[in-house]
Amino acid sequence: MTIQECFAMQHELDRYIEKEHGLQGEDLFEKKILALLVEVGELANETRCFKFWSKKPPSAHEDILEEFVDGVHFILSLGLDLGFSDREYSLVSQEANEDLDRSFLKIYRLVNDFRQSKDAEDFEELFRQYIILGQTLGFTLDEVQEAYKKKNEVNFKRQQNGY
């Protein structure tokens, strides 16, 4: 599955949600930014990387992956909103950060930078660094794409059931 296929799947989900909730034509950019920030926080919470006061281990790999792809959904949706889905993205990287705390803080900064600029380069850097965060968490790009596909199906079912 390609990034373009992920954008296409996200487009279908976004249109479905907009139709079902009467949101066609509404500017949802700020709400999606906030949702992304919340999802990044939920992801950090599952990793427990910042919880220096706790001895409890991180959540299961699958749970962390599911939280990670929630963020991918909102990143893709934001890219769609600004017309960035037709670009070519080089998201595969050998980079991985050892310090999860700094990685999460970097993502928060990049989300804010993108929020301010709405610039394609800032979007690409946010997306790239988010994928690097996933690699740091031990996820392959194929694993992320497969988990994204599964979560997309779950999100459609939730919408159909009045979520």
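Let's start with helix α5, where a run of residues is buried: Ala-120, Phe-123, Leu-126, Phe-127, Arg-128, Gln-129, Tyr-130, Ile-131, Ile-132, Leu-133 and Gly-134. Please keep in mind that we are looking at a predicted model. What do those buried residues of α5 pack against? Their partners are α1, α2 (29–47), α3, α4 (100–117) and α6 (141–160).

While we are on helices, here is a handy rule. An α-helix has 3.6 residues a turn, so residues three or four places apart point the same way.

Now to α3, residues 61–81. Its 21 residues should span 30 Å at 1.5 Å a residue, and the end C-alpha atoms sit 31 Å apart, which agrees. Is α3 enclosed or open? Of its 21 residues, 15 are buried, so α3 is largely enclosed by the rest of the structure. After α3 comes Gly-83, and its phi is positive, near 75°.

Next, how does α3 meet α1? Helix α1 spans residues 3–20, and its axis comes within 9 Å of the axis of α3, crossing at roughly 85°. An angle from 65 to 115 degrees counts as roughly perpendicular, and therefore that is how we describe α1 and α3. On the α1 side, the contact is made by Cys-6, Phe-7, Gln-10, His-11, Leu-13 and Asp-14. On the α3 side, you will find His-73, Leu-76, Ser-77, Gly-79 and Leu-80. Sorted by type, the residues of this contact are five nonpolar, five polar and one charged.

Let me stay with α1 for another residue, Tyr-16, which lies in that helix. Leaving aside neighbours within four places in sequence, Tyr-16 is in contact with Phe-156, Gln-159 and Gln-160. Tyr-16 and Gln-160 are 144 residues apart along the chain, and yet their C-alpha atoms are separated by 9.4 Å.

Cys-49 has 25% relative accessibility and counts as partly exposed. How many disulfides does a search of the whole structure find? The answer is zero.

Key: Residues numbered from 1 in each chain as written. Predicted model: local features only at pLDDT ≥ 70, side-chain atom pairs only at ≥ 80, totals over all residues. Heavy atoms only, no water. Disulfide = S-S within 2.5 Å. Buried < 20%, exposed > 50% of the residue type's maximum accessible area, 1.4 Å probe, protein only. Helix = DSSP H or I, 4+ residues; strand = E, 2+ residues; numbered from the N terminus. Expected span 1.5 Å × (residues − 1). Axes fitted to C-alpha atoms, helices over the stretch in contact; angles between N-to-C directions. Parallel < 35°, antiparallel > 145°, perpendicular 65-115°, else oblique. Contact = heavy atoms within 4.5 Å. Nonpolar A, V, L, I, M, F, W, Y, C, P; charged D, E, K, R; others polar.
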